[in-house]
Amino acid sequence: MRETEDEWTGLMRLAISGDGTAYHRLLKAVTPVLRAGARRGLARAGQPIDQSEDIVQEILLAVHLKRHTWDANAPFAPWLFAIARNKLIDQLRRRGRRVFVNIDDFAETIPDEPAAETASAGEIAAQLQSLPARQRDVLQSIAVESASIKDTAAKFAMSEGAVRVALHRALASLTAKLREQ
Amino acid sequence: METEQLIRTLAADNLHRARPVGLVLTTALLAAAPVSMAMFLATLGVRPDVMTAMHNPFFDLKFVVTLALAISAIAVSLHLSRPEASLKGWAWLLLVPAGILAAGIASEMMMPQRLPMLTRLIGSNSRTCMTAIPLISLPLLAGALIGLRHGAPARPAVAGAIAGLLSAGLAATLYASHCTDDSPLFVATWYTVATALVTAIGALAGSKLLRF
């Protein structure tokens with residue numbers, strides 16, 4: 001477990017220094033852990049666990065948009081689990097539940113062999129429609145059609161810089177909309 | 001959307017670099033400061049005898065106390081902008097201004113005074129003090145909240161309260177140059193009431209605005 005966490009910290013340091021592949025690996029590695037934690041938290045609150053993927057996706061968005069608050073000299077896991085707890089509590093409150101989230105819901109057991117699992121959630125998809133057209137197009141091109149920044153730029157006759165800006169704005173406004181729900 | 005797709009999208013945005021919270025907070029406070037300063041100069045202004053007042057250590061002490069409050073609150077608010085941070089180990093910083101003030105009260109007690117204690121405590125500007133500090137602090141509070149929104153505080157109400165302390169400290173620094181009541185007893189009473197009010201406003205606003 002300690003080794004896993006050290007590995008995360010190393011990957012996050014690489015990500016911050018601009019290594020997109022390391023960032024992708026990190027997000028993939030933490031997702032099963034977040035999923036397990038979200039399920040544990042929902043079960044403890046007596047909520048159906050089918051909402052867990054919405055929570056996982058919200059956590060990932062928050063991790064992404066707030067990663068500048070991580071101190072590169074500190075271990076990554078406590079920061080990650082703090083964000084995760086925050087999002088789980090948010091989600092439970094939104095459903096009118098006053099629940100204590102167990103500190104260890106996320107930290108408890110890190111699966112050694114994360115099950116290869118693809119999961120889908122509805123909340124982000126639902127908010128997608130309310131984005132400005134340009135942001136939505138760029139986001140869909142990259143997320144759904146798995147186009148690169150470069151291909152997306154060519155497709156919409158935009159500069160790569162403009163695609164990057166539109167992509168980041170799309171992610172930020174999605175997060176804002178989820179928060180306002 | 002599939003989580004796999006979201007992850008790929010986030011990775012594609014990896015090169016985006018957000019500015020550090022400290023920088024955003026500083027910028028927001030520097031933008032808000034002229035507004036508060038203008039409000040202060042337009043309504044109250046610096047007291048006319050400021051040149052002689054500066055020779056009174058108790059006049060100077062007011063600035064030490066209010067600036068100590070502002071600086072320690074800035075440090076704590078930046079610490080709390082990290083999601084895994086708590087007040088533990090940091091709350092004592094907020095006691096520094098209180099400690100300085102207590103030392104001020106003690107040393108005033110040891111000196112011969114022209115006015116009785118209660119008169120010094122009540123002073124002649126208590127009402128102005130209690131209205132001016134909260135009003136002058138509002139633009140600064142807005143700036144502090146905008147800056148701290150860039151962070152990710154685990155407890156938004158607490159972070160908002162610290163933003164309140166921070167802006168009250170800065171506003172009180174301006175107000176202190178107007179006020180003719182220099183007794184630490186006056187400061188400990190009325191400045192504290194005004195600061196508590198701003199802190200409560202900050203906590204309320206923070207609980208709404210500082211969620212991430």
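Student: Is the crossing of α4(B) past α8(B) left-handed or right-handed?

Tutor: This is a predicted model, where local features need pLDDT of at least 70, side-chain atom pairs count only at pLDDT 80 or more, and totals for chains, interfaces and linings use all residues. Residues are numbered from 1 along each chain as its sequence is written, and chains are lettered from A and ligands numbered from 1 in the order in which they are written. A crossing is left-handed if the near helix is turned anticlockwise from the far one by less than a right angle, and right-handed if clockwise. For α4(B) passing α8(B), the crossing is left-handed.

Student: Nice! How is α4(B) oriented relative to α8(B)?

Tutor: The axes (lines fitted to C-alpha atoms over the stretch in contact, with angles from 0 to 180 degrees between N-to-C directions) of helix α4 (residues 57–80) and helix α8 (residues 156–176) of chain B come within 8 Å and cross at roughly 155°. Angles over 145 degrees count as roughly antiparallel, under 35 as roughly parallel, 65 to 115 as roughly perpendicular and the rest as oblique. Therefore α4(B) is, relative to α8(B), roughly antiparallel.

Student: And how is α6(A) oriented relative to α1(B)?

Tutor: Helix α6 (residues 133–143) of chain A and α1(B) have axes that come within 8 Å and cross at roughly 110°. So α6(A) is, relative to α1(B), roughly perpendicular.

Student: Which helix gives the largest share of the side of chain B that touches chain A?

Tutor: Counting residues in contact (C-beta atoms, placed from the backbone, within 7 Å), chain B brings 28 residues and chain A 40. Helices here are DSSP runs (H or I, at least four residues), numbered from the N terminus. The largest share on chain B's side, ten residues, comes from helix α1 (residues 3–12) of chain B.

Key: Contact = placed C-beta atoms within 7 Å. Helix = DSSP H or I, 4+ residues; strand = E, 2+ residues; numbered from the N terminus.
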